[in-house]
Every structure is written in C-alpha cells, then in structure tokens.
Amino acid sequence: MKTKEKYVQYPVKGLLFFSILIFLSFNFIGCNSGSDDELVVSPPDPNVETAITNYYPDSGGVATKLILHGTNFGTDTSYLKVYVNGKKAAIIGCDGEAVYAIVPSRADSGFVKLVVGKSPDVKEYVYPTQFKYFFSENVSTVCGQNGVTGIDDGDVNTATLRRPWNIAFDQDGTLFFIDEGRGQSSDGGLRKYVDGNVETIMRNSAGVFQSPTALAFNLAQDTLFMLQTIFDDNNMSTDAAIAYFTRNEGFSVIKPYIRATLTFKATGIAVHPTTGDIFFNSQMDGYIYKADKATMGYEKMFQLNGSDTELKLAFDPQGEYLYIIIKNKHCIYRAQYNKSTRKVENPTLFAGQWNASGYLDGIGPAAKFDTPGQGTFDPDGNLYVPDKYNHCIRKITPDGVVSTFAGVGGTSGYKDGDPLESLFNQPECITYNPADDGWYVADRENSLIRKILVE
Amino acid sequence: MKKINHRIISTLLLMFFVISVIAQSQTKTISGKITDEKGEPLIGVAIIVKDQPGLGTTTDIDGRYTIKAGEYDVLVVKYVGYKVVELPVVKGQFNVQLEDENKKLDEVVVSAAGVIQRKATLSGAITTVDVSKLNVPTANLSNALVGNVAGIIGYQSSGEPGENKTEFWVRGISTFGANSKALVLVDGIERSLDELNYEDIESFSVLKDASATAIYGSRGANGVILITTKRGSAGKVNINFKAEYGYNTRSRTPIYTDGITYAEMANEACLTRYQEPIYSDQDIEIIRRNLDPDLFPNVNWQDVILKNGASNYRGTLSLSGGGSTARYYVSGSYYNEGGIYRTTNVNKYSTNVAYSRYNYRSNVDVNVTKTTLLKMGVSGYLVNQTKPGYSSDYIWGSLSNLTPLSVPRMYSNGYIPTYGSNDEMNPEVQLNNTGYKTVWKNKAETNITLEQNLDFVTKGLRFIGTFSFDTENENTINRFKNPELWRAERKRDSDGNLIMTRVASESLMSQSGESDGNRRSYTEAKLDYNTKIGEDHRITGLLMYYQQERVNTVNVTKDVRSSIPFRNIGLSGRATYGYKDRYLFDFNFGYTGSENFEPGERFGFFPAVSGAWVISEEPFVKQNVSWLDMFKIRYSYGEVGNDKLTDKDYEYEKRFPYMSFIDTSSSYNWGEYSSNYMQGYRITTIGSSNLTWETAKKHDIGLDLVLLKNKITFTIDAFTDHRSNIFIQRNLMPYSTGLQDLRPWANIGEMKSHGMDGVASYSDKIGKVNFTLRGNFTYATTDVLNYDEADNALWYQMRKGYRWNQSRGLVALGLFKDQEDIDNSPSQLAYGTYFPGDIKYKDVNGDGIINDDDIVPIGTTTVPSFVYGTGLSLSWKNFDFNILLQGAGMVDFFLSGNSVQPFSGGSVGNILEAMTNPEDRWISREISGTAATENSNAILPRLSYGSSSGSKNNFQQSTFWLRDGRYLRLKNLEFGYNFPRTLVQSLHATNMRLGFIGQNLMVFSPFKWWDPELSSSNGAKYPLSKTFSFNFTINF
C-alpha cells in the first residue's frame, strides 16, 4: 500500500547576493508526504458471503504464527476474532484473504474458529481440522537489562539491576529482591518489582541497613525480614543481624530485629510454615540460631562440621525438615524440626558431598553441586536450588533424586526459551511464586531476574 | 548570520564600485570610427583614456564612438584579436583601421618561482592547462584535474558536500614513504587548492620532472602545481558577474532488493547448508501479504532518507582595472551546496549536510617608482558546513546493512526502532534524531611582493622579495543526542504483543567542540637575470632563498614538539643558456635544510640538469619543412630529496626522529605490596642516528611537436623516478636488540616508478565552425625494490618486486562442480568445510593444500595506473560547445562486506538487486530440482548464511571478488550562448553569456553496481553527484 512520494517544487529562497544585482534562485525542496505507511482498512463486504478455506500450521505451541485463509475477510481487524480451542487469539493483520493471528498460551488442542462482523451481525466459521497444541516450558526475562549493571528504576525496558541476590514474594504478587552491594556506599539495595516497574525501597546507608544477604516474610506476611552480614568495621556500623520492615509502614521503614556483635555474618533465614519460628545462621561460627523476638537475641541450635559455613535455609512445605544448603561446601543437609521443643536437631546429609564441588545428577550423595544458593520448594515438596558456578537450576525430589531443571550445566550465558537450552550466569537464588506457578531466579551476573514457567 | 555576511560583502563591493565610477573632469568631446582591415565597422571596441581608470566607452553598431578627454590625454583602442592602438588626442586622428593580430602570440608558461617562460624555450616537463577547461560546477577545483591535466592521477571517493574532493598525485604515487602528495603553490606560496575560487585563476601549470621542481628542493619532490591568480591591467573598469545554479543528483547508487526476495534468498542460503530456514512459511506469506509491518516491514531505506537531488548556487563578482601606476583585481564569491538527504521538519535546526563558502580576493599592483613594483594580495575564505550527528559513512553503512525486513520506520507501539548501533543503526534516526554538527573554517592569506628592476646595475637583473602570512582555523561543534532505541524480537508473545529489547538508552543533547588551526609565514628573496647577448645567446639566471615557518596555534599539548614551529629553509638557483633558441641547457639546484636530521646533516644538495634540442629551429628544417612549426626533444635528470616522515601536520610525535625521548614506564614496588613504589622511566622513542634524505633520481625524456600552423600540437613525456632511502619504521627488530617495540626509523625503502604522459590537440575551422579536439593521458606504475620485510621462501608474498599497494588474494578457479571435483582437488580445509558450488582455489605452491601460502599478487591496485581524457570544443557564431570524456584504467578493487557477499553478516546486510537473478548463482539440485542450476561458472557461489559452512571458504579475498574498476565517464558537457552584440551593447555591457554545464552525466564501466571511481568495496558511500548547472555571465 505504498503511495507514491511527491516532490513539489517551490520557489523558496530569493537569495540576495549583492546589493547591485539581485539573483533570484529556485530551490528544490523534496517534500515528503510522510504518509506512505498509512493503511486504509475496510470491513468485509456485507453483500458477499465470507468463506473459509484452510489454515496453517496445523500444530504448534504458544505464540505460534497462525495464518487463516478464506475470502472476504475485509482488512479491518476490528471486525475479526480468532479462537483456538475457544481461547481468543490476538490478530496482527489481515489483507482480506488471510488473517494472521497468534496462538494464545495454554490453548490446548481444538478447533480454530473465525468470527466475522460486529455485534449483532456476527457470523462464525470453524475450520474443519483441529489445531494440535503443544504445551511448552519456558524461561523468560522478568526485569533488568542483560549485561547492564545499574541502579536505575523504571519500567521493564529501562530499569537496570546490579547483582540480584535474593528474592521474596509478597502475597499480593510483589517481588522483593536484594541487589548485592556491601558496605555503606556500594549501591546495594532493597528493591521491588510490581506491575512491570522496578522501584528502589532503600539503599545501603549509614543506618541500620548496610549489607543485605537474604529476605523472608513472616507467616502473616506483615513483616519482611532482611539478613545482614556484619563483617568489617571499616565499612559497617550496624549491629542488626536481622532487620525488618512492616506492611503497615509500607515496607519503607527499617528497624533492627536481632542485634549481634561485629563479624556476625548472617547468611540464611527460614520461617517455619506453621509455627512461624525463625531460624538463621552465622557464617562466622557456623551455628544455626533461633531468633528470640522478645530479647532481640538468639538461641544456639547446632554447628555443622565447624565454623565458616555459608548457609541458605528453607523449610519444606509441611515444616518437617529444615533444609540447610551449605553454599561454600557444595552440599545440602537437612535437620528435623521438633514440634514439641520447636527446635531443629539431628542434621543429616541430604544431597551432594561435603566440600566436593562438581556437576553430576544422581541420588543423594551421588550428586554434585558447585556452590548451591538460596533454594525454594514447590507445593509437591520438590526442592529447587540455583547451582551457581554450574550456571543452572537443580531439582531435588523429597527422595533426594537430583536432576537439572533449567540451564545447561557448566555453561554460562543468556538465553531464554526451552528450560534445558536456556542459559544463566551465576544464578544466586530461586523463589517459587504460587500466584503464577512460576519460579523466579536471581540471575546475578546477567543482572536480571528470570522466570521459569512450566505451562 | 548569513544575512549579515551578505550585507557586509554588499557594502564593501558597492564602495569599490562607486569609487571607481566617479567621473573625472574633461575638456573635449571626441568622436571617431573603428573599422577592421576590410573597412567593416567593428562593434564593441573598447576606447579608454590612458591613466584615467574608469573612463572609457565602446563603439556602437556602426563602429562609431564618442568620448570626452583632455587635450593631452591618450586614447587606447583595444579589441580582442586585434593589435592595441594608442591615439594621442593632440594628433586629432580618431578614425582607426585595426590590424588583425593574425600572428599567434608565443605561448607562455608559468614555470618554477613564478617565472614566465616561452614554451618554446622550456627544457623541463611542465603541463599547462587552459583554465577555462577547469570549470566545474561543484565546490572543489581538484575534481577538474583528472582527465584534464596530463600528469595527474587521482580519484574522487565521496560526493558529500564539503568532502567531495579528488585525491590526486603528480605522476602517480612514487613513494611508499609518508609524503607522496604534490606541493600546491598559489602565487608562489604553499596553499590549498580546494577552497580556491575558480574564477580567480589566471594560470595553472604542473611541474613534473626534477629539472622543473628542483628549486623547490624537498618540498617539490612529488611534483608541484603552480597557480597564479588574476591581477588587474590598466584600462577601463572590468566588471564580471557570474551566477550559477546547479542541481546535484546521485550518480550510480547501489540498488538493494525487496523484502520477499531477500527472505527467499536467506532461506535458500540456510537450506542449501542443511540448516533450518530463517523465515517460516507463515513468515514468507506475512511478508508477501504485508500483514505485519512491525516485524516484517519491507522498508526501502534509500527511499526513506534520500531525495532525488539538491541544489547548488554560486555567485561571483569581480572588478578589475586601474591606471599605469596602480592596478587592482577584486573579487568575491559565494557558493552553497545542499545535501541529498531527506530530513524531516521536526527539528529547529537542519541536520542535512550542507556546505557554503565565501571567497574574497584583492590583488593590487602599485608602481612605486618607475622601476619598483609593489604587489599586494589579500584573500581568504570562510566555510560553513553542517552535518547530521552521525557520519555519512555510518549512514551509508546502515543503508547497506539494514535489510528491508530488519526494522520498521516506527513500531506500532510508538517505540523508535533500530537494528544495532553505528553502521547498523536506523538511518532515519541517524539523520534526524542524533543532533547535528557545524563546521566553521576560515583562512586569511596575505602576501606582499616587491619587484625592483636592477637594470641600472646590469640590464635584465631584477630583485623580487616576497613575504606572506597565512592563518587558518577550523572549529567543529558537535551537538549530539540519541533517542531511546528499541528492537523487537522476530516473534510475538502469546497476546500478540511485540517483545522489545532496548538497544540504546536516551542521551539528551550535549555539546562538544574541536578546533584546529595554524599560521604560516613565508619569506622569499630572488634575483632574476635575463639577457640576450647578440642575437644568438639567451642567458637567464635565478638565485632564490626562502624560509617557511608553520606553527600550530591550536592543539598544543604538553609535548614540546607540538609547539615548535615546522620550518623549512632553502637556497636554490637556476641557470639556463639557449643558443639561437635551438639548443637549450638548464642547470638547477636546491640546497635545502630539514629539522628532521641531526645537526651537521641537515642540508642536502640536489642538482638537476636538462637540455633540449629544438630541431625545428635548425636552418635546414626551417627552410625545407614548412609545416613543422616546432619539433623539440627534451631530456632532464635530477635528484630531489624528501625529509618528511609523515604527511599529517598534527603528527608531531614523528618529528625529530634522530632524538630519543624519555617517558614514564611501569613503576617498581618494594616492601609491602602497593605501599612503596618508584616511578619508572624509559626511552619510549629511540632516536635514529645517521638518518638522511629520501632521495629521488628522476629521468624525463620528452618530445614537443607543433604542426600545420599551430593546428596540431603534441607533447609526450616518459619518466622514471627511482626513490631510495625511503623512511620506514622498522617492524622486524629482533628481541635481542631490545628495540622491537620502539621501532626506530631507517632509510631502507627503495622503489621505482615509471610511466608516460602526453597531450595532443587539433584545432581547425570548417566553414564558420571553430573546433579543437584534444586528448591527454597519464600512465604510471611502480615497482618496490626494497622494503622492511623478512626474506620469504614464497617470493610472491613479498612486497619487493611488485607494485606498491598491489592487490593480493587467492586465485579462484570457478566453483566446485560436484563431490568428485572436491575429492580430486587439493584440500581447502584451511578455510573451513565446503561443498560443491563453493569456490575452488588454485594451489599455487603445489603443496597439495590450499592455505594462505597460496595468496599471490592478483590484478593491479585500487588507485588507477592509467587515466585519460579526451574532449572536443566547438564554436559556431554565438554558440559554443564543449565535451570532456574522462576515463581510468588498470585499476581494480575487491568486493567485500555484508551487502556484496550475500548473508556473510547473517541478518546484517542487504542483497543487491543485481545479485538476485537465480541464473547468477549456483543452486543445488536439491533446492531447484534440476542439475542445470548447478552452474559452476556463476558469479555467486552456493549461498551460505552467517558463519555456516562454505562462508569462510567463499569470502576469502580472491580473484572471484576482484572487479575491474576501469571506467569512462562523460565528465563535462557544456553549452554556451553569447548574446548578440546589439543586445549586449544596449545594456552597456561588453559580453553576456548563458551556459549549461552537465557534470558526470554518464558512466560507462564493466562494473555496474556503483560508480567504480569511489573505489569502495561495498558501495556504501555518499555517491558522486551528477550535476546539471546553468550559469549566466555578464561583463561590463
């Protein structure tokens, strides 16, 4: 539908060269009509019967480009609707004899239906063959710009992340995350992603908030806990091993929850799913502690094979075990939660081997990890952990069967799509969001938050 | 701003005009009649009163005139083609019969040091050019040289206003050292050729051999172009006004194919390499039906950002005249040229390319005493240029890189699209949304010359002293911005929305500036001697001293070398002896100094000798061969030195190569890490002692012939130029010397160039038609004799023994026919896997494998070795006609790049329309269904996509991609009409002419995809313009 561009000649400039002689000249101005992309659309001819012939392809997954053939469709797409198995498909264009539509997600197999006309004068045409729908699993990018580290807020297309580190979901679907950055001036921060926008709640400062490591909500979801490592008196001037935000204050005011001494490096936190007990650790002495809100103090549970263990903690959905992911020892323990004493005890090896890094799928100790990070559970009790230096996500069933869930073991990079072909770069944390049945990954070195969706 | 400039110029010019027309008092009215030899009245003859500038008249249609003059005044009667007559009023004789000036004046030549010599007595190789043939309707004079001037080789590589200059060399490139460019002298002073106003030029000559250039010493090592500007002559005021309007359109521009052809070929490229096609069946149908303007837009970017053409204007006004004590020539001109980009009107500023220039010149000669002449010249120019934020190479690069399907002009969601950055950026955005640049250049040139006739010492002796001072400045202001740019993935999400990726973030307009400038002063003192002893002995002598200083006034850094003036000094001389104008001998020398060598080694002496035998002056020839007007053979030999290590003025780092320079190096730590360290120093530039002049030994042998009463002229020269001691920075220092990263300079290069150039013309008259047929050619080639390179067992891979800039590559033997052909041929796996239909190479060294050892010299060079021009001028009654065909040969270039090697850049790179014919490429039978399409002689190999198999093999530089760059163009076509004298006189004018000039109207060449003169490997450059220009001239 390209219109011919027109050139109009205007006698425009009278150029005064010298005061004695006036030299009139003509200037050609190429005048661009600028409307060559404008399409004129028309509805189907009401006096002619619309007919359908065929469509293709006959199978495909979500977002397959579908072309429907026939006659007298008109070119105005507002007169047309396409349904795949009853689900409405977006129409991109139509030239009167072909409609171009996009197969919607979770359509499932079924008939393709074309609806022509505007209410009340509507006619339906159903193609005789069924469309075969393939469900797909998919890795996509939620926010951040690949490879761009930054602290800019904004919509998904502009916001930049530093090094996403830990993720927690609110009941209303808000994604809270930590951007790494230790010390008072390293641009670390607590940020949130909601409705397609990234906002910074708070940056590291001279106050309570200086070195975030992990996030967790309490059971009522009215308090957000944030752990800190207190490790260096040059940079740090806080004694809050755990700080908290409350919903009443819009998660915008930070207060100390548990106070500790210098070089108390809290790295993992878990909230019991029924009792709400809070457990956390100190990397410095290797102990797991239970928080005591009343005293702003803590109670020692046990130590795992000595000091200097960087732990990430998670309870299974029933609250039977506390799973202890030992990041710098490449293995996962679990400890029983004693409902009567409300303490955790009897830690045993669950998967991987103590201080043996590698990449191997298998059962329990036969599997290998390389620096596993903050994990999460799905409702079926499967544990998912980001395997940081293997650049992938591992899945561990309650029976200890370890497999690769997403990413390619040992290959870093950035690629969305099929989970086992997708690529991550040092994933740090995975968090399950029951609201959309998706897993969210803090893809640290890509400076992105990624999403794994199983349709 | 423009208006103010106009006004200033207007006012100044008006003042000149008014002053010069103030009438003077008189006493007597005189009338008379002027006739020719046959008694026919002559119309338009100028009658002026001597020494009273501005006072004059012309004869009417009956040859009559009336003028008022004092009783003791003298009338001067002047008419073109007739002898000048002086009539003292006291004699009372006012009717005159003018004598035809039938004997053609001796042709004169401006030779070295500005000395005017008769052409007949020259023994060096000098080309002079009829200045009227250099009339080009574009900004730069250099574009007129190739094809008009024998001895000049060059090419024009851009048509962008302000950048459309021709790079040229006198007799080709004769050294691979840094400095191979000719010296351009305007009125004896080193100045630029490009910004010169064509109308101001009086004479143009090219000094080619050593004898002609010797007195310029090292500066003239690569030939000299001498230009003199017009000066006033005594008589009535001459006013010359010329207005020109031209329309520039593109000459050949690459034509790219449309979206559907592109997509189908891309799919073929994948399928034929057993890969998934890029575009699915649905995609192809969507493209064909144009159902998705976001993802499959089918944009012709050339239509979007290019107009059909743009205008240029030029106006020139000059005034000249004066009396016998003082004379003047004053001129002003304005030139304006627009760009062919189609910009939108969204900006308050223009982002199109544009170039405008104001020139002025004033040459005044004053006779201070009877024997003393003072000449003063003031000239200058002011250039204003605008450009879009991105350079034209990026814009044209993106035109070749962005396919019709890459991105739309605008996404339907309002996001601004781009594919990538720089030469992959949306060209419409580059042009309209990235800000703009303004360039402002100015130059002021002043020179003063004192000529003292020393006849009272000895007859024929003159002293000439010149001082000049030039200053120039260039300022660039960049106002750059960048919108936020996006690219959509080539799929939609499940809701049909675009999936956007941000390619570039927004940057608001910011400003930055650059500037450059220098000043140059030049002093010259000359003693010129010219005498004739008896009738037979003509002796001339010249002794000249000069010194020149150039200082950078801007970009002076902390490096002292950037502020030390660049200085030249020289003493030179010439002595000639002619016996009966029959045997001619010249001796020239230059004794020149250079700052680049050690004290004690700074001066070099370079002599040159030449001789000529004018056979036609021999009595027996003169008496017996009446049709032979002149027959002369010439020979010259000379040495010239060159001291320049670089031709770039700003590269002060390369000065004083004999000195070592010390700078900081890595530091040394001790004790606790990073707490204690000592800054290190080392020699970072090693001085090269004993560095000396690069010397050229030049031979020239020539022949001049004039036949049939000046109807036929013919000149031919053959030359050699042997350069030795060419400066090279050594690349191959052994590690054991400790110098391998310091790369000291040395005099080790050696190169020889040789060639021929010639001119011929034939003028005659048939009936009332006068015509001149003329032609010229220049041929030059080179041979590297020694270069800084290791001996190589593969002798053909050395530079030594081949032309400088010799093209090199593999020798292609066509395409592999089938697998059997591959199995029976040497392995080409060095260039990856390959299939039937891929390029088959020749195993040059016979080792059974094809690899880089098989790269050999192929073709010639990218600068033509042979250029020629041929023209015809006709005049009939009031009409004149002129045509110039210009060509170049012995030139070739490699095609390379995404748009000419299909899909070599994957999704980046258009496909030329000329490549889309299926018959031109090898298509496997699996795709076409028939073996007939497996054409092993096709011009394109089996397609490949991105880095798939075959691509590395096929896109090696080889004879397969080598193209002949020869061309012949209709460079100039000129019509003129002189208005009838009666009409002209009624306007009190002396001449009125209407002219048309067409430039670059047609190009004939075996290579059709773009203009081969651009010397571009992919055509992604601002094309040369085709210009239609009309001009109107009026003289008073």
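At its relative accessibility, does Gly435(B) count as buried or exposed?

Author: Gly435(B) counts as buried, because its relative accessibility is 0%; buried means under 20% relative accessible area, exposed means over 50%, and partly exposed is in between, with a 1.4 Å probe and protein chains only. Before going further, please keep in mind that this is a predicted model, in which local features need pLDDT of at least 70 and side-chain atom pairs count only at pLDDT 80 or more, while totals for chains, interfaces and linings use all residues. Residues are numbered from 1 along each chain as its sequence is written, chains are lettered from A and ligands numbered from 1 in the order in which they are written, and side-chain values use heavy atoms, with hydrogens and water left out.

Gly435(B) belongs to strand E22 of chain B, which covers residues 435–453; helices (H or I, at least four residues) and strands (E, at least two) are DSSP runs numbered from the N terminus. Leaving aside residues up to four places away in sequence, Gly435(B) touches Tyr349(B), Thr351(B), Pro388(B), Gly389(B), Arg479(B), Lys481(B) and Met509(B), where contact means heavy atoms within 4.5 Å. Another glycine, Gly976(B), is 541 residues from Gly435(B) in sequence, and their C-alpha atoms are 43 Å apart in space.

Elsewhere in chain B, Ser936(B) sits in the loop between H10 and helix H11 (951–954). Ser936(B) is also buried, since its relative accessible area is 15%, and beyond residues up to four places away in sequence it touches Gly814(B), Leu815(B), Lys817(B) and Trp922(B).

Helix H10 (925–928) has a part in a further buried region too, for it is included, with helix H4 (281–289), in what covers the buried residues of H3(B). Helix H3 of chain B, residues 259–271, is largely enclosed by the rest of the structure, because 10 of its 13 residues are buried; among them are Gly259(B), Tyr262(B), Met265(B), Glu268(B) and Cys270(B).

By kind, the lining of the largest cavity divides into 6 nonpolar, 8 polar and 2 charged residues, where Ala, Val, Leu, Ile, Met, Phe, Trp, Tyr, Cys and Pro count as nonpolar, Asp, Glu, Lys and Arg as charged, and the others, Gly among them, as polar.

Two points of the backbone also deserve attention. Asp187(B) has a positive phi of about 50° although it is not a glycine; this residue is in the loop between strand E13 (183–186) and strand E14 (189–190) of chain B, and its 19% relative accessibility makes it count as buried. In chain A, Gln426(A) likewise has a positive phi, about 55°, without being a glycine, and it is found between strand E36 (401–407) and strand E37 (427–433) of that chain.

Finally, a word on confidence. Chain B has a mean pLDDT of 86, with 95% of its residues at 70 or more, pLDDT being the predictor's confidence in each residue, from 0 to 100. The pLDDT of chain B falls below 50 over residues 16–25, a stretch with 10 contacts in the model beyond near neighbours in sequence. For chain A the average pLDDT is 84, and 89% of the residues score at least 70. For the complex, the predictor gives an ipTM of 0.70 and a pTM of 0.74.
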